[in-house]
Amino acid sequence: MTIAADDFEYVRVLVRTKAGIVIEPGKEYMVDARLGPIVRREKLESIAALVARLRTNIADPLHRQVVEAMTTNETSFFRDLHPFEALRKTVLPALCAKRAAGKSLSIWCGASSTGQEPYTIAMTLREFLPAIDEWSLSFIATDLSSEMVARSKAGAYNQIEVNRGLPATLMVKYFEKQGLGWQIKEPLRRMIDFREMNLTKPWPTFPKFDIVFMRNVLIYFDVDTKKEIFRRLRSVLKPDGYLFLGGAETTMGLDDAFERAPIEKSGCYVMKQAAANAA
Ligand SMILES: C[S@@+](CC[C@H](N)C(=O)[O-])C[C@H]1O[C@@H](n2cnc3c(N)ncnc32)[C@H](O)[C@@H]1O
């Protein structure tokens, strides 16, 4: 399949408007590859027929399916390792000491894809603080895609997915074999409240968070969208909270209120003192 120039432009505008995702010119092959399965599923003749249907029926749920198909959902357990080392060695010790009196902790994992990232955070937290069930924990994980949220809630992973990054000791402890795959055990699964959420649309009322993971999603947005997300993050992060970004993401040049935490390779940011005081 090959997409016509004006159909490519239609999809580019749709995805940018609905999800903030920028598709660069020259990515026609990617749009072709991602829309092919929808064309077949809907028994349409071509991508041209799919786009024609989108153009003529703006209320068609197919719009949403096309936008979701254009998201990149790459993820794995303990992806990049360093952020989770920082969580275990620096962030959780500091925060749990500060919050010990009230025994309360709040975490948000934005753009959580199929759930490996929030489950990694939950395992790291449980390993660090076995008594976490005695704490009041608010742990929200969100993604744009309804399919990703459904998969995360199910907590079922195949052998290839668990082989990517998950230490055997944690697999044995937190998963049970189910057919050919692995199922997250209930105590870990119920720690997390999975929800659909579009980062580029108005945010719901959130509690203030101690920790926010917002990794490997800002790379798909333009500069103004990134700035707006950082502005909103400032208002939902506690003044002494921690923000984790992906390896190719930074607040530098986009939001002066944040500075890199002195934790090597972690992609961890904190609010500068002045900004925190003003928050
Ligand atoms: C590459 S994955 C990152 C997953 C995980 N954070 C990680 O680093 O492994 C990017 C995720 O961002 C989600 N996403 C893309 N645009 C979004 C938006 N506007 N709002 C919320 N999530 C979005 C996609 O659905 C996808 O699951």
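Let's start at the hairpin of strand 4 and strand 5: two residues sit between the strands, and Gly179 takes a positive phi near 60° there. What you're looking at is a predicted model, where local features need pLDDT of at least 70, side-chain atom pairs count only at pLDDT 80 or more, and totals for chains, interfaces and linings use all residues. Residues are numbered from 1 along each chain as its sequence is written, and side-chain values use heavy atoms, with hydrogens and water left out.

**The sheet**

A quick word on terms: strands (E, at least two residues) and helices (H or I, at least four) are DSSP runs, numbered from the N terminus. Two strands count as paired if DSSP finds at least two bridges between them. In general, strands of a sheet pair through backbone hydrogen bonds, either parallel or antiparallel.

Here, three strands make an open sheet with antiparallel pairing, in the order 3-5-4. Strand 3 (156-157) and strand 4 (175-178) are the edges, each with a single partner strand, so one side of each has no neighbour in the sheet. Strand 5 covers residues 181-184 and pairs with strand 3 over two bridges, in the antiparallel sense. Strand 4 is joined to strand 5 by four bridges, again antiparallel. Now find Trp182 in strand 5: Trp182 is the bridge partner of Tyr157, and also the bridge partner of Lys177.

**Two domains**

Zooming out, the protein is divided into domain 1 (5-69) and domain 2 (82-278), with bounds that come from an automatic or database domain assignment. Their C-alpha centres lie 30 Å apart. Ten residues of domain 1 are in contact with eleven residues of domain 2, where contact means heavy atoms within 4.5 Å. Together the two domains bury about 770 Å², 42% of it on carbon and sulfur atoms. Buried area is the accessible area (1.4 Å probe) that two parts lose on being put together, summed over both.

Which elements give two or more residues to the side of domain 1 that touches domain 2? They are helix 1 (5-19) and helix 4 (62-69). Helix 1 provides the largest share, four residues.

**Salt bridges**

A salt bridge here is a side-chain nitrogen of Lys or Arg within 4 Å of a carboxyl oxygen of Asp or Glu. By this rule the count comes to 26 salt bridges, and two are found across the interface of domain 1 and domain 2. Here are two examples from the model:

| Salt bridge | Closest N and O atoms |
|---|---|
| Arg16 with Asp222 | 2.8 Å apart |
| Arg55 with Asp7 | 3.0 Å apart |
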